[in-house]
Amino acid sequence: MKRESVKVPELGGASEVEVIEIAVADGAAVAIGQTLITLESDKASMEVPSPLAGTVRGISVKVGDRVREGDEILVMEIAGEAASASAPPVTPASTVTAAPAPAPVAPGEGPAPAAPTAGGVVLALRVPDLGGADSVEVIEISARAGDSVTEGASLLVLEGDKASMEFPAPADGTLLALDIKVGDRVTSGQKLGELRTAAAAAAAPVAQPAAVVAAPVAVADVAAPAAAPAPDVQATLADGDAVAAITRVFEKETRLAAGRAPSAAAAPVYAGPAVRQLAREIGIPLDEVRGSGPKGRILREDLRSYVKTRLAAPPATALPTVPDVDFAAFGPIETVALSNIQKATVTNMSRSWLNVPHVTQFDYADVTELEAFRDSLKPEMEQRKNKLTPLPFLLLAVARALREHPRFNAALAPDGANLVLKKYCHVGIAVDTPQGLVVPVIRDVDRKSVWELAAEARELADKARNRKLKLAEMQGACFTISSLGNIGGEGFTPIVNAPEVAILGVSKLAVRPVWNGQEFLARKTLPLSLSYDHRVINGADAGNFLSFLVVVLGDLRRLLL
Ligand code: CAO
């Protein structure tokens with residue numbers, strides 16, 4: 001194992017810069033080229049890539065430190081062959097290349113001179129020397145043809161693999177054309193557009209931008225008068241090697257998302273190349289991110305917070321939320337925590353209600369004969385110590401109805417293209433408990449006697465109230481019965497327990513007048529309400545299913561057929 005000290009590279013003229021971001025942690029494994037820290041001067045920032053592959057063993061700087069060329073950034077531990085192979089490049093291989101000496105454009109080079117205009121001269125805007133990179137990508141465009149721009153205002157941002165640079169307007173004037181779009185790759189010297197300088201600017205040479213070190217400036221071909229050499233400042237954007245170019249993206253930059261019209265109201269965005277690249281990869285519009293770094297600079301953490309907040313927020317298509325009312329403003333209140341079951345009910349009911357198009361069908365079953373039969377069984381109930389309420393009869397009738405109407409014993413496949421038909425018959429019964437609503441499931445209802453069903457319903461209901469139900473005893477239902485018969489009411493609209501497709505609501509049995517064609521008879525009638533998923537079940541199906549139940553409950557002998 002060998003330890004190497006990684007130092008601040010040449011700063012291209014700046015004497016002292018601030019550490020604004022530390023991108024690695026002590027103990028972290030880093031690869032060659034991976035960003036270690038970001039440095040920032042008054043107007044530029046620079047990422048310092050690692051010249052070595054190894055493990056960080058002690059970081060010598062902290063955010064806010066001001067450092068100079070040669071100051072130690074961190075110590076790196078390099079394993080085995082890598083250590084000897086790396087032949088201590090104590091100073092990172094990365095350097096910052098200062099702007100080379102201006103190379104005036106010779107008269108006659110570039111586009112044909114245009115006639116002087118009353119408004120000034122026409123400058124051809126060209127991609128500067130890319131310092132060896134074949135091409136760079138246009139990642140932002142901040143102005144469009146027709147815009148009045150001031151000297152130094154960002155027109156667009158170019159980015160290579162490791163650095164980005166702003167392309168500022170070389171003079172005050174009007175942008176005549178910008179013949180590129182976000183995503184285009186451009187090469188050194190490529191013409192990007194034209195700018196007509198303001199009258200005052202035309203008279204004097206185009207002012208040189210106040211680039212700190214390597215701020216790129218368009219190679220401006222002065223179209224007219226051709227005799228005067230065009231002011232020409234080239235910058236280097238090193239790309240694809242270990243050089244990290246200074247970027248001017250921190251200067252007053254009006255950043256606009258791709259395709260959006262420039263707006264005077266757009267806020268400046270301050271972010272380093274790595275943050276910009278990450279933002280672009282994830283699709284985060286940087287102008288929506290609040291920067292928490294120095295001078296409002298956007299850090300990686302800010303991107304994380306932005307994503308977290310967006311994930312937590314309801315989607316744009318979400319239903320309007322119920323207003324959050326301060327009830328205490330209207331009188332005394334007490335807030336009671338929901339049980340886990342009640343919280344699950346909140347979710348389940350919302351899910352079913354929002355996903356299932358509900359329709360509810362109502363009818364009355366004449367259960368006069370059933371009740372007489374049930375009465376006649378009272379001695380046997382006592383003997384068996386097993387009480388028969390209407391519920392086990394309803395379970396039997398439902399099992400038969402499900403067999404006769406298989407679409408009710410089904411589930412809509414998540415793709416919405418298939419119906420899963422179930423060949424078993426498990427029925428859930430809604431049980432009210434102090435902790436909330438629970439739905440235990442009686443399995444194979446079609447294979448059990450009314451005595452077995454009564455006993456099992458009671459046992460499951462007791463378990464539910466005593467919180468003894470196992471998860472398996474609440475799973476696998478094909479259909480649910482929700483009975484409010486012992487409580488009251490003439491009818492209600494139960495919510496389908498999705499992915500089941502129907503639920504039977506049972507209300508209070510009562511003696512009601514029934515017209516038999518000649519006279520009203522006093523009959524014991526049971527109100528039934530069948531809610532169903534209208535995606536799967538048609539109204540006619542539901543009418544048939546409920547009529548079948550009514551007929552069977554009216555004459556239990558039909559269960560034999
Ligand atoms: N009409 C009139 N009386 C009825 C009736 C009906 N539809 N259904 C039951 N009853 C009677 C029973 O016969 C019994 O009377 P007796 O004590 O005189 O014999 C009494 O009401 C109580 O019955 P029960 O509730 O003990 O038994 P059950 O089989 O009807 O119900 C169960 C079992 C688990 C459904 C029930 O205990 C329960 O929890 N009910 C609450 C239902 C509920 O919360 N539903 C949720 C609706 S929200 O979707």
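This is a predicted model: local features need pLDDT of at least 70, side-chain atom pairs count only at pLDDT 80 or more; totals for chains, interfaces and linings use all residues.
Zooming out, S4 and S5 belong to an open sheet of 4 strands, lined up in the order S5-S4-S2-S7 with antiparallel pairing. Strand S5 (45–49) and strand S7 (66–67) take the edge positions and have a single partner strand each, so one side of each has no neighbour in the sheet. As background, strands of a sheet pair through backbone hydrogen bonds, and the pairing can be parallel or antiparallel.

Next comes the ligand. Its surroundings are made up of 21 residues, with Thr389, Arg465, Ser482, Ser483 and Leu509 the closest. Sorted by class, this shell contains 10 nonpolar, 6 polar and 5 charged residues.

In the side chain of Thr389, an N or O atom is 2.7 Å from an oxygen atom of the ligand. Asn486 also places a polar side-chain atom 3.0 Å from a ligand oxygen, while Ser507 uses a backbone N or O atom, 3.0 Å from a nitrogen atom of the ligand. On its own the ligand has 950 Å² of accessible area, and the protein covers 71% of that.

Finally, the surface has a nonpolar patch formed by Val325, Phe327, Phe330 and Ile333, which together expose about 460 Å² of accessible area. Of these, Ile333 is found in the loop between helix H4 (300–312) and helix H5 (340–355).

Notes
Residues are numbered from 1 along each chain as its sequence is written. Side-chain values use heavy atoms; hydrogens and water are left out. Patches are made of residues with over 30% relative accessible area and no salt bridge: like charges are joined within 9 Å, nonpolar side chains (Val, Leu, Ile, Met, Phe, Trp, Tyr) within 5 Å. Accessible areas come from the Shrake-Rupley method with a 1.4 Å probe; for residues, only the protein chains shown count as cover. A salt bridge is a side-chain nitrogen of Lys or Arg within 4 Å of a carboxyl oxygen of Asp or Glu. Helices (H or I, at least four residues) and strands (E, at least two) are DSSP runs, numbered from the N terminus. A residue is near a molecule or strand if one of its heavy atoms lies within 4 Å of it. A polar contact is a pair of N or O atoms within 3.5 Å; within protein, one must be able to donate a hydrogen and the other to accept it, and residues adjacent in sequence count only if both atoms are side-chain atoms. Ala, Val, Leu, Ile, Met, Phe, Trp, Tyr, Cys and Pro count as nonpolar, Asp, Glu, Lys and Arg as charged, and the others, Gly among them, as polar. Two strands pair if DSSP finds at least two bridges between them.
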